[in-house]
Amino acid sequence: IEQLQGYADAADLPLEIVYDASEVAGAHRRLASCDVVIIDTPGRGPHGADPVWRWILRSMQPTETHLVVPATMRVDLAAALTREYSAAGATHALLTKLDEVPNDAIVAQLAGQLALPMRWVTDGQNIPADLRAAGPLLLETLEVAPRQMVFA
């Protein structure tokens with residue numbers, strides 16, 4: 001929460017902290033004037049995820065839900081992860097930690113296994129400076145043909 005508060009303060013943006021379902025309506029109302037609302041949920045595996053977070057996400061009626069996945073994740077787990085979180089409403093993937101993966105081919109395989117459109121990737125610790133558009137960066141870095149990956 002301290003890191004999120006730091007980002008919000010630096011960008012002069014509002015931040016709402018919600019711990020349970022009873023606080024969602026008030027936070028949603030206070031953020032009504034915002035064009036974009038980013039909801040950061042606790043990082044949990046699909047089997048350990050608290051169902052209240054799924055309910056909170058659905059109650060906010062997002063137009064997009066980005067599943068944030070470290071590029072260091074094992075490729076063989078990606079398809080199962082996508083199935084679990086797509087059922088929970090994930091519409092896009094966002095790959096992080098591209099700078100920590102020594103083999104670009106592994107990142108391409110992971111992106112293919114996720115089988116979700118991607119708008120963004122990160123390749124460092126400096127947010128927002130290391131947040132990049134997914135399409136150009138992955139195509140340039142990984143030399144992957146556009147028909148093999150989906151970008152939104």
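Reader: In which sense do strand β1 and β2 pair, and over how many bridges?

Author: This is a predicted model, in which local features need pLDDT of at least 70 and side-chain atom pairs count only at pLDDT 80 or more, while totals for chains, interfaces and linings use all residues. Residues are numbered from 1 along each chain as its sequence is written, and side-chain values use heavy atoms, with hydrogens and water left out. Helices (H or I, at least four residues) and strands (E, at least two) are DSSP runs numbered from the N terminus, and two strands pair if DSSP finds at least two bridges between them. For β1 (residues 66-70) and β2, the pairing is parallel, over five bridges.

Reader: Which residue in β2 is the bridge partner of histidine 66?

Author: Histidine 66 belongs to the range of β1, residues 66-70. Its bridge partner in β2 is histidine 92.

Reader: What is the order of the strands in the sheet?

Author: β2 also pairs with strand β3 (residues 118-122), in the parallel sense over two bridges. In that pairing, leucine 95 stands opposite valine 121 of β3. The sheet is open, has four strands and shows mixed pairing; its order is β1-β2-β3-β4.

Reader: Which strands stand at the edges of the sheet?

Author: An edge strand here has a single partner strand, so one of its sides is left without a neighbour in the sheet. The strands in that position are β1 and β4 (131-133).

Reader: What angle does the direction of α5 make with that of β2?

Author: Axes are lines fitted to C-alpha atoms, for helices over the stretch in contact, and angles run from 0 to 180 degrees between N-to-C directions. Contact means heavy atoms within 4.5 Å. Helix α5 packs on the sheet and touches β1, β2 and β3. Its direction and that of β2 make an angle of about 160°.

Reader: Which handedness does the unit of β2, helix α5 and β3 have?

Author: A crossover is right-handed if, with the strands pointing away from the viewer, the path from the first strand over the helix to the second runs clockwise. The unit made by β1, helix α4 (residues 75-87) and β2 is right-handed. The β-α-β unit of β2, helix α5 (residues 104-114) and β3 is also right-handed.

Reader: Is strand β2 largely enclosed or left open by the rest of the structure?

Author: Buried means under 20% relative accessible area, exposed over 50%, and partly exposed in between (1.4 Å probe, protein chains only). In a regular strand the side chains alternate between the two faces of the sheet. In β2, His92, Leu94 and Thr96 are buried on one side and Ala93 and Leu95 on the other. Five of the five residues of β2 are buried, so the strand is largely enclosed.

Reader: What covers the buried residues of α4?

Author: The buried residues in α4 are Val75, Ala78, Leu81, Thr82 and Tyr85. An α-helix has 3.6 residues a turn, so residues three or four places apart point the same way. The cover over the buried residues of α4 includes β1 and α5.

Reader: Which residues does isoleucine 39 touch, not counting residues up to four places away in sequence?

Author: Isoleucine 39 sits in the loop between α2 (24-30) and α3 (51-60). With a relative accessible area of 33%, isoleucine 39 is partly exposed. Leaving out residues up to four places away in sequence, its contacts are Leu57 and Met60.

Reader: With which residue does arginine 30 form a salt bridge?

Author: A salt bridge is a side-chain nitrogen of Lys or Arg within 4 Å of a carboxyl oxygen of Asp or Glu. Arginine 30 is exposed at 51% relative accessibility, and its closest N and O atoms to the partner are 2.8 Å apart. Arginine 30 lies in helix α2 and the partner in the loop between α1 (2-11) and α2, so the pair ties together parts 14 residues apart in sequence. The partner is glutamate 16.

Reader: Which residues do salt bridges that share partners join into one network?

Author: Aspartate 123 and arginine 132 form a salt bridge, with the closest N and O atoms 3.3 Å apart. The residues in the network are Asp123, Asp130 and Arg132.
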